[in-house]
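Morning, everyone. I have one structure to go through today, and I will take it a piece at a time. Please have a look at it first.

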Amino acid sequence: MSTPPLDCHLANSVEKASAFRNVHEFWGGDSQIDDFVKQRLVSPHHQRATWYVGCVDGTVACSLGAFPFELSLADSIEPAIFIGCVHTRPEDRGQGFAPRLFEFVENAEQQAGVKWSLLFSDIAPSYYERLGYQVSAAPNICIKSNTSVTEGDCFKLQPFDSTEHLQALSNIYQQHFQKNPFFIHRNDDHWDHIVQQHKDDQWFWLCNDTGETVGYVLLQTFQGNTVLKDFALQNPTSEKLRRCLATLSHYCNKQHIDEIVGWFPKLPDPANNMDWYDYVDRKTEITMIKTLVPSDDNATSEEVFTSHLDTIRHVDHV
């Protein structure tokens, strides 16, 4: 039996609603489907993306969103996309529709000047490896409450209103990564989006013993879980990163929280007495990357990128 033709194109408003209706089976939770679709249609997060669909006989069979990002390299800022919400209707699966939609989207975005495509895989990454994506070993972290961690081991946490400190946040973030060969570049619009999305979550300055601000953390509590969504330090060192982890462990103890989970780069030389945090290989949200402009230079950059994808923060997830 031959595979039916797939018409891949930018989604119009009706097709976008149909795509959101289709994905309810995966991401709708307990919500009513009509409410779910309405929420996605007005969500600032989903409005940022360019939505593509693959249609069979005029009906949306598969869809995805291409979220705009920028990547900072040593000497340039390059446009990129994060692909999210990849979905194929159950009755249309197994016919190669998603790979065909990927090819269309990557070609369209490449022609628009995009150089890199990234995604967070919730399925076996081998599927996307066949499409040319490279896997990152970036782990999850679990930071546990531990009474042996004292205030002397920690930074001081000072709550603040993120909407009033956009420039300070941007400066600290830039200082954290300024020596890295690769990281996500957050322009003013990107920062404004992050702050608006998380204005009701818990933002803290990290302050040293003299009260000087040396970094920040963003925590989000959802359905009883506390997640480290974002953090940055001025001129980070292994010792400062350890102290940041100690601060979060101490916070757990004071707030009677069992643990904080999230994304945190592996320390090069973890101390033997720090058994209150643990790294775990990701089973989902596996970070992957692909160059859309093949060349010898980009082949080298892709290897560098793969080894530095732990610079991506959970707040960047799409």
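Let me start with an arginine. Arg-282 is buried but has no salt bridge. Buried here means under 20% relative accessible area, exposed means over 50%, and partly exposed is in between, with a 1.4 Å probe and protein chains only. A salt bridge is a side-chain nitrogen of Lys or Arg within 4 Å of a carboxyl oxygen of Asp or Glu. The nearest side chain of opposite charge to Arg-282 is Glu-285, 5.9 Å away. For charge, Lys and Arg count as positive and Asp and Glu as negative, while His and the chain ends are not counted.

Before going on, two notes on where this comes from. This is a predicted model, in which local features need pLDDT of at least 70 and side-chain atom pairs count only at pLDDT 80 or more, while totals for chains, interfaces and linings use all residues. Residues are numbered from 1 along each chain as its sequence is written, and side-chain values use heavy atoms, with hydrogens and water left out.

Back to the arginine. Where does Arg-282 sit? Its place is the loop between strand 14 (277-280) and strand 15 (286-291). Helices (H or I, at least four residues) and strands (E, at least two) are DSSP runs, numbered from the N terminus. A polar atom of the Arg-282 side chain lies 3.1 Å from the backbone oxygen of Ala-138. Leaving out residues up to four places away in sequence, Arg-282 touches Ala-138, Pro-139, Asn-140, Trp-263 and Thr-287; contact means heavy atoms within 4.5 Å.

Now the salt bridges. A search of the whole structure finds 11 of them. One is between Asp-92 and Arg-89, at 2.7 Å from N to O. Asp-92 counts as buried because its relative accessibility is 8%, and Arg-89 is buried too, at 19%.

Another joins Asp-209 and Lys-156, at 3.9 Å. Asp-209 is in the loop between strand 10 (202-207) and strand 11 (213-222) and Lys-156 is in strand 8 (residues 156-159), so this pair ties together parts 53 residues apart in sequence. Asp-209 is exposed, with a relative accessible area of 57%, and Lys-156 is partly exposed at 46%.

An α-helix has 3.6 residues a turn, so residues three or four places apart point the same way. Salt bridges that share partners also join Arg-89, Glu-91 and Asp-92 into one network.

Next, the nonpolar part. A nonpolar core is a set of buried Ala, Val, Leu, Ile, Met, Phe, Trp, Tyr and Cys residues joined through side-chain atoms within 4.5 Å. How many residues are in the largest one? It has 46, and Leu-71, Phe-82, Leu-118 and Tyr-216 have the most contacts inside it. Strand 3 gives the most to this core, with 5 residues. Apart from it lies another core, of 27 residues, among them Phe-155 and Val-214.

Last, helix 1. Its buried residues are Glu-15, Ala-17, Ala-19, Phe-20, Asn-22, Val-23 and His-24. What covers them includes helix 2 (33-42) and strand 3 (59-73). Just after helix 1, Gly-29 takes a positive phi of about 60°.

That is what I have.

Definitions and conventions:
A polar contact is a pair of N or O atoms within 3.5 Å; within protein, one must be able to donate a hydrogen and the other to accept it, and residues adjacent in sequence count only if both atoms are side-chain atoms.
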